[in-house]
Amino acid sequence: MRMVARQDGAMAASITTLTHSLPLLGRGWRPVALAWLLATAGMPNPSYAQAPVQIPAPAQAAPSALPDMTAIAARFAPSVVNISVRGVRKVSTTGAKASGDGETPSDSQEDLALREFLRQFQQRYGGLPPQLSLPVRGEGSGFIVRSDGVILTNAHVVSDAEEVVVKLMDRREFTSKVLGTDKPTDIAVLKIEAQGLPAVPTAAPQQSRVGEWVLAIGSPFGFESTVTAR
């Protein structure tokens, strides 16, 4: 009897040795041995099991180095300006919207709460004129985007302002002109009469990715410069 098994060389040798031993067994044991041989011919031999395949672990990306925040702050802090405003806000005491010099009235939570308070005061106590002129003073931050004095800031900073004063890092002060505002995006463009100012280069927002480091440099509450990194 001769068998062909698709095993390794050691398994083939074992099958051949057992086949040659069948004639030495008694007749009663030959069918049993033959059946065992046929049943186990395709089974792997534990003594000669193949080594498990090693699956390489996915390569991990090297952690990116943190940006040098001190160098970034030193480079761009001179482009940050402090903005102080002075003006008059006209507020209705009857609950109607009121504004000054044709400006679109604000619907901020602060203005809505103030109008509602004055309306209720007028209904209960009376004695108030239909419209009040309230002084406006405030401060904010901005940054230079062009060396000839073009500055970006928030629209709410210069809202209702009659005078806008820009203070540079070198302590020079300029009276600014408001070129335009966009309240939906809360952006305002200012212009001061100066040349050779340190401007911040702008980049396309498409180049930014979620999870990147962000460095915020500002001049709030009269501080010269604050830096926050996240």
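Asp186 lies in the loop between β5 and β6, a placement that rests on elements taken as DSSP runs numbered from the N terminus (helices are H or I runs of at least four residues, strands are E runs of at least two). Asp186 is not a glycine, and yet its phi is positive, at about 55°. For comparison, most residues other than glycine have a negative phi. With a relative accessible area of 23%, Asp186 is partly exposed; here buried stands for under 20% relative accessible area, exposed for over 50%, and partly exposed for what falls in between (1.4 Å probe, protein chains only).

The model is a predicted one, in which local features need pLDDT of at least 70 and side-chain atom pairs count only at pLDDT 80 or more, while totals for chains, interfaces and linings use all residues. Residues are numbered from 1 along each chain as its sequence is written, and side-chain values use heavy atoms, with hydrogens and water left out.

Stepping back to the whole protein, the secondary structure comes to 5 helices and 8 strands. Read from the N terminus on, these elements follow the order α-α-α-β-α-β-β-α-β-β-β-β-β. Of the 230 residues in the protein, 24% are buried.

What do the strands β1-β2-β3-β6-β5-β4 build? In that order, the 6 strands make a closed barrel with antiparallel pairing. From one strand to the next, the twist averages 35° (axes are lines fitted to C-alpha atoms, for helices over the stretch in contact, and angles run from 0 to 180 degrees between N-to-C directions). Two strands count as paired if DSSP finds at least two bridges between them.

Strand β1 (residues 80–92) and strand β4 (residues 161–167) are antiparallel and share 6 bridges. Within this pairing, Ser84 has Val165 of β4 as its bridge partner. Strand β4 is also joined to β5 by 4 bridges, again running antiparallel, and here Val165 stands opposite Thr175 in β5.

The hairpin of β4 and β5 has 5 residues between the strands. Arg171 lies in the loop between these two strands and is another residue that has a positive phi, about 75°, although it is not a glycine. Is Arg171 buried or exposed? Its relative accessible area is 54%, so Arg171 is exposed.

Val150 has Lys191 of β6 as its bridge partner. Lys191 also meets Ser176, whose side chain reaches the backbone oxygen of Lys191 at 3.4 Å. This is a polar contact, that is, a pair of N or O atoms within 3.5 Å; within protein, one must be able to donate a hydrogen and the other to accept it, and residues adjacent in sequence count only if both atoms are side-chain atoms. Ser176 sits in strand β5 (residues 173–182) and is buried, with a relative accessible area of 11%.

Charged side chains come next. Side chains of opposite charge can pair when their charged atoms come close. The structure holds 4 salt bridges, each a side-chain nitrogen of Lys or Arg within 4 Å of a carboxyl oxygen of Asp or Glu. One of them joins Arg86 to Glu163, with the closest N and O atoms 3.3 Å apart. This pair links distant parts of the chain, since Arg86 is in strand β1 and Glu163 in strand β4, 77 residues apart. Both partners are partly exposed, Arg86 at 36% and Glu163 at 30% relative accessibility. Arg146 forms a salt bridge with Asp148, where the closest N and O atoms are 2.8 Å apart. A further salt bridge brings together the side chains of Asp170 and Arg172 (2.9 Å, N to O); Asp170 is partly exposed at 47%, and Arg172 is partly exposed at 38%.

Finally, helix α4 (residues 109–124) contains Phe121, which is partly exposed with a relative accessible area of 32%. In the loop between α4 and β2 lies Pro130, which is exposed at 60%. Pro130 and Arg119 are 11 residues apart in sequence and 9.5 Å apart in space, C-alpha to C-alpha.
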